[in-house]
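Colleague: Hi! Could you walk me through the charged pairs in this one?
Modeller: Happy to, let me bring it up.
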Amino acid sequence: MGISYSTAKWMAPTAFAIDFAAQQYGMLSTPNMKTIHDRNLSFFSPQPFFIAGFFFPQQLFQLAWLYRLYKLDPKKPGERAELDQMVDFVPYYSFGNLCIATWMLFWNAERLDISNIFVILNSVSQLYYVVAKLPPMNTNSTSSILTNIVSKTFAGIGVLDLLHNGSVAFAKDQPASTMVKALTGVGFGFASAASDWIFGGCLVYDLVALAVGQSALDGGWAKLLGAYAVGSAAIVGAKNLARPPYNGPDSGYSKTATDDMQDRV
């Protein structure tokens, strides 16, 4: 998925602008995205304002990342090393933004089955990048920190999107079965055990959003989701405190010189 520096510098902001415009359409149109949400509820419906509360600061990180992408000069060896990592993420970043923008169109048209296709494409691509492609965070590099934050928050909220859209598309108005409850606990438990502070924090946030959203629909399920959130936070905290992600050769983060960006998460 290699692309040139010049292509990356127009592709990423264009994708961001398209997605931003689609989100404005989603909020300002009639019916708007919240109206569609309220008309289509299921056992993985979150509190919708949690999603808005997540994306506002996440978009600020995106803007900082885009500024860094535009500012770095590939002709300078130190900056080129940082830029290489950012450019490697650009196709996944751009694809994700375009998927989210397209999702919005079908969501507001209340074609949740079709919108679910774009949720799957986005979530799977972002998770793949974080698991298989993302180099480790270099805490001496602003570019590396921003790339880790943007990619992992995209993947983290993508987990919630996957659960939410899938449930309302194919299990509208249905309660969570025993199997769903068990798999949710096991899935989030294992994911939390494999996560750093950033992605792990997103998983906890996802569970809190689901717990609050379900509180008006199924109190027992909401309490269980709240317990899962506490458990997930405990697992993420214990794992990263016992093995600090910014120390050691096998950690998730790596403190190295800015010019040496070719390490692994």
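Colleague: Thanks! How many salt bridges does the structure hold?
Modeller: There are six salt bridges in this structure, and keep in mind that the model is predicted.
Colleague: OK, which residue does Glu82 form a salt bridge with?
Modeller: Its partner is Arg68, and the closest N and O atoms of the two are 3.5 Å apart. Glu82 sits in helix 4 (residues 77-108) and Arg68 in helix 3 (residues 48-71), so the bridge ties together parts that are 14 residues apart in sequence.
Colleague: And is Glu82 buried or exposed?
Modeller: Glu82 is buried, as its relative accessible area is 5%.
Colleague: Let's move on. What does Lys133 meet in a salt bridge?
Modeller: That would be Asp88, with 3.9 Å from N to O. This pair links distant parts of the chain, since Lys133 is in helix 5 (residues 112-133) and Asp88 in helix 4, 45 residues apart.
Colleague: How accessible are those two, Lys133 and Asp88?
Modeller: Lys133 is partly exposed at 28% relative accessible area, and Asp88 also counts as partly exposed, at 25%.
Colleague: New topic: where does Asp196 lie?
Modeller: Asp196 is in the loop between helix 7 (178-193) and helix 8 (197-214), while Lys152 is in helix 6 (residues 142-170). Their side chains form a salt bridge, at 2.6 Å from N to O. The pair therefore ties together parts that are 44 residues apart in sequence.
Colleague: Is Asp196 buried or exposed, and what about Lys152?
Modeller: Asp196 counts as buried, at 8% relative accessibility, and Lys152 is buried too, with a relative accessible area of 4%.

Methods. Residues are numbered from 1 along each chain as its sequence is written. This is a predicted model: local features need pLDDT of at least 70, side-chain atom pairs count only at pLDDT 80 or more; totals for chains, interfaces and linings use all residues. Side-chain values use heavy atoms; hydrogens and water are left out. A salt bridge is a side-chain nitrogen of Lys or Arg within 4 Å of a carboxyl oxygen of Asp or Glu. Helices (H or I, at least four residues) and strands (E, at least two) are DSSP runs, numbered from the N terminus. Buried means under 20% relative accessible area, exposed over 50%, partly exposed in between (1.4 Å probe, protein chains only).
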